[in-house]
Amino acid sequence: MNAADHVFRPRLNAARRAEGLVFWLFRSATYLILACGGAVFLNIVYKGAGTVFTTSAPFVNTTFLTEAPESLYVFEFEGKKYEMGDREFRAFKETHPAAAKVKTESYVYSAGGIWPCIVGTVLLVVGSMTIALFLGVCAAIYLTEYAKDGAFIRFVRLAILNLAGVPSIVFGLFGFGMFVIFFGWNVSLLAGWFTLAFMVLPVVITASEESLKSVPKGFREGSLALGATKWQTIRSNVLPYALPGILTSSILGIARVAGETAPIMFTAAYVVRDKLPWDVERAGDFFFQGVMALPYHIYVVSSKIPQNDYTERVQYGTAFVFLGIVALIATASILLRTRLRNRYKW
Amino acid sequence: MNAPVPPAAASGPDRAAAFAIRKKRVKLLGLTVDDCIKSFFGGNALVSIVVLTLITYFLVREGAGFFGQNRQNLQVYRQAGLEYVDFIRVQADDHTALTRYLSDLRLRSLRHLTETKGRSLDDANAALAPFDEFAGKFGDAVEPVRGIVSELTEVATAIKTKFIVNEDKKEERRQLLAEGKKTEADAVAITPVDFAAELKPLLGALPAYKDANREFTAKLTAVLAAPPALPAPELEQRLQRFTALARDYLATFPAVERNLEAWDFRQPVPATQSFTAFIFGRQWLTASFWQDWYGIIPLFVGSLLVSLVALTLAVPLGVGAAIYINQIASLREQKLVKPAIEFIAAIPSVVLGFFGIAVLGQALRLLSQQSWLSWVPGFPYSERLNILTAGCLLALIAVPTIFTLAEDALNNVPRAFKEASFALGASRLQTTLKIIVPASLSGIISAVLLGLGRVIGETMVVLLCAGNRIAIPDFTQGLAFVTEPVHTMTGIIAQEMGEVVRGSIHYRALFMVGLVLFVVSLLINFAAQKIVRRYRISIG
C-alpha cells in the first residue's frame, strides 16, 4: 500500500473541486489588483522615463529637472522641422530674421522643465509635516499618557475618526474660507501648510499613538518609581523609544500630503509662477507667496492642454517624477517599518 | 504641598533639610509645571475637535448666504416674467423632443429600406417622401408658438436687465454711503422697476398666444389624423407610439393656458422654495443669459453613480483579496502582497486621473467598439471620459482601503473559531465562507462604507475622467447609463471655485455643495462606526 493510497488521502470530489475553484477566484482577484496597479505604474514609468532620462551622458534630462516651464513652439523653417522652447525661439528669431513670420504651433508648458514645481512640493510637504507632526505628536502624548477614559476622550477620538473621513476638497474649501479669505493670507504657502497639516493630522495622531503605546509600561513605571515627574518620564523614557516609530509611520502621511491636489488648488498652488520661492524682497513675504506644485501641475498639463506627441512628453515626465517621489517615500516608510518592527521587540 | 517652606522651618532648619526628597514646586496661576505641561498636551488633543468645528463654521459662514440670494434669484425669475415665458418655452421644447423622435424614426426606416430590403438610397428616400411630408408638417406647426416665445424672451430679458442694473446702482450707492461720500451717493439715480407696467406687453400677449395655440392644436390634430405608412411592422409600432405621445402632448395644452392665466408676478417666493430648489433642483446652470439654476441633484447623482460603479468593482476584488491573503495565501505571499497593495494606495489620485485621460479612456472606448462585445449595455460608445472610466480608476483607489480594513477585520476573528470549525470536519472553504467571513462581517461592511467615503470624496480622478457634463444620465436604457459623462460634487467645486466672484450666489452655492459633501462623509463615517459597534459578534 503506497502513501497516496491510504484511507485519509485527499479525494478529488465535487466539494474539493469547488473549493479549488473558489480559492482560485480569490487568488485571481488579488493578482488582478496587483496587475492593475502595476499597469498604471509601468505605463507611467515606461513613457515618463523617456522624458527624464536621456541616452547620452549625463543620462538625466537636466533641462527638465532644473528649469521652469515654457511654451513649446513647433514650426517648419527652410524645410526643416524645429521644436523650441520660448526663450530659444526668441533667440532663434533674432539670428534668423526670416523666422519671425513663420507659422508656428504653440503648446503652453510643454517645453522647459518642472523645477519650480519640485521646489514648491518640497516646501509644502516640509512645512505642513512640521506642523502636523508637532500637533499630532503632542495630541498623541496626551491621549496615551495623560488622558483618563471619559466622555472628553471619547469625543476627541470621535473627532479624529471623523476628521479622517472628511474629503480633501472640503479641506480645500475650509482652507480657502479660513486662511485665504478670513485671515487674508491670500493664496500662500502658509495657507497651504495649515490646510494640508489639518488634513493629515488624523494619520499622524493614529501613527504616533500606536508607537507610544508600543513602549512597554515598565519603562514608565521604572522612571516614576525613581521619583521622576510625569513629564520627565515621558521625555526621557517614552519619547526616545517611540520617536523612530512615529517618524516612520508618519512618512505615509507625507506621501498623502505630497499626493493631494484638491486642498492646495485654492490655497497654495499657482498655475504658473516665474519666480522661485526664495526670490522675495522681504523675508516675511516668503510665507505669503503661492508656489507651483507637482500634483497641480499634472492636473494643469493633463486637462488644459491638448493631448499629442509634443505635450505627452511633459505630461508623462511630470507624472513620472511625481510618482517617483511619492513611491520613494512610500517604499521608505514600508521598509523602515518592517525593520523597526524587527528591531524593537520588548 | 502648598507652602514650600513651613514656618516651623525657621526655628529648626535642620529638620527640613534632613528630609531627603524635598520637592520645590514652582507655581504659575495655581498650576504646577506638570499641570501646565499636561494642559498644553491636552490643548493639542483638542485641535482635532477645533478643526472639525472650524470646518463646519467656515462652510456655513460662506455658504449660508446662498439661500437668501437664491430666493432673490427666484423672485426675480418670477417678477421679470421669466417664469411666465418658460411655461410656453417648455411647450415648444417638448415639441422639439417629439420631432427628434420623428427624425430618429426616419433614420431607422431608411436603414431598414437600404440595408434589409437592399434598395438604393434615392429609391429609399423617394419611398419615404410621404413620411417626410408628415414630419415636415408636424415640425412646422410649432412656428407661431415659437415666434411668440422669442418675442416674449426679449421682453423678459429686458426687464431682468433693468432690474439687475438697478441692483448694481443700489450697491454702488450703498458703498458710496459707507465711504461717507453723500453727495456722490445722491447723484446715483435709481428708478425703481415698476414690474406691473413692465410686464404689460408680456401679459398682453396672452390672446395672441391663445390664437397661436389654437392654430397649433388644429394643425397637429390634422397632421396626426393621417399618419403615413411605414415599411415594417416594427416601425409602424414606433409610429403608433409616436402618435400616442403626440396626443398626450396635445392634452397638456389646456394646462399651459391655465398656468398662464393664473400666473401672478406678485406672488411671493416662499423661503423654503429656495432650499428645495437647491436640494431637489434637477438643473445646475450657471452664467446663462436667461436664468441660473443651482440644483444639486445632477451633481449628487453623478457622484453617487461613479461611486457605485467603483464599489461594484472594488468590493469583490478588495474583499476577495483580503480573504485570500488572510485565509489562503502562504506566509511568503502575504509578506509580498500586503506591501504591494499598500503601495497602490500611495499612487496619487491626480496621477491616476492622468492615466485615465491618457490611456484608460481611450482603451475602454476601443474595447467597447469590438463587435463581440456589442451585447454589453451601452457599448459601443463614443465619449472617452464617462462614468465607467472614472469608476474603474476610483475602484483602484477604493481597493486598498477596503482590503486593509477587511483584512484587519478577518484577522480579528479568534483562532478558536477556525479550529472549532475544522474539528467538526468542515473544509477550508466552508470554514472561510461560513465561519470566518460571517464573524467579521460587521468589519467588512464598515470597510466597504469607508471605501465609499473615500471614493465619494475623491476629487482629481472624477474631475479629470468623469466627463464633466452636468446632466442626470438617461436611465431608460438600463445599465447603459455607465457610458454617459457626468459631473460630480467634488468635481464642480474644484472646477468652478477658481473662477467665481467672491460673495456671489455661485460662490456660495459651491460652499453649500461642499457642506453637503461634508455632511455626507460624516454620515458615512458615522454609519461605519455604528455598524462595527452594533453588530460585532462577541468574541472571546
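Predicted model: local features only at pLDDT ≥ 70, side-chain atom pairs only at ≥ 80, totals over all residues.

Reader: What makes β1 and β2 of chain A a pair, and in which sense do they run, parallel or antiparallel?

Author: Two strands pair if DSSP finds at least two bridges between them. Strand β1 (residues 69-77) of chain A and strand β2 (residues 80-85) of chain A have six bridges, in the antiparallel sense, so they meet that condition. To see this on your screen, look at A:Tyr73, which stands opposite A:Met84 in β2(A).

Reader: Why is helix α11 of chain A called largely enclosed?

Author: A residue is buried if 20 or more other C-beta atoms lie within 10 Å of its own. In helix α11 (residues 294-303) of chain A, nine of the ten residues are buried, so the rest of the structure largely encloses the helix. Among them are A:Tyr296, A:His297, A:Tyr299 and A:Ser302.

Reader: How do you know that chains A and B touch, and how many residues take part?

Author: Two residues are in contact if their C-beta atoms lie within 7 Å. The contact takes 70 residues from chain B and 69 residues from chain A. On the side of chain B that touches chain A, helix α3 (residues 33-63) of chain B gives the most, with 18 residues. By class, that side of chain B has 49 nonpolar, 15 polar and six charged residues.

Reader: What makes domain 1 and domain 2 of chain A neighbours in contact, and how many residues does each give?

Author: Chain A is divided into domain 1 (70-112) and domain 2 (115-343), and 42 Å separate their centres, taken over C-alpha atoms. The contact takes seven residues from domain 1 of chain A and six residues from domain 2 of chain A. β3(A) gives the most to the domain 1 side, with four residues. That side has five nonpolar, one polar and one charged residues.

Reader: And in chain B, how many residues of domain 1 are in contact with domain 3?

Author: Five residues of domain 1 of chain B are in contact with six residues of domain 3 of chain B. The centres of these two domains are separated by 47 Å, taken over C-alpha atoms. On the domain 1 side, the residues divide into three nonpolar, one polar and one charged.

Terms used. Residues numbered from 1 in each chain as written. Chains lettered and ligands numbered in written order. Buried ≥ 20, exposed ≤ 12 C-beta atoms within 10 Å, placed from the backbone. Helix = DSSP H or I, 4+ residues; strand = E, 2+ residues; numbered from the N terminus. Nonpolar A, V, L, I, M, F, W, Y, C, P; charged D, E, K, R; others polar. Domains from an automatic or database assignment.
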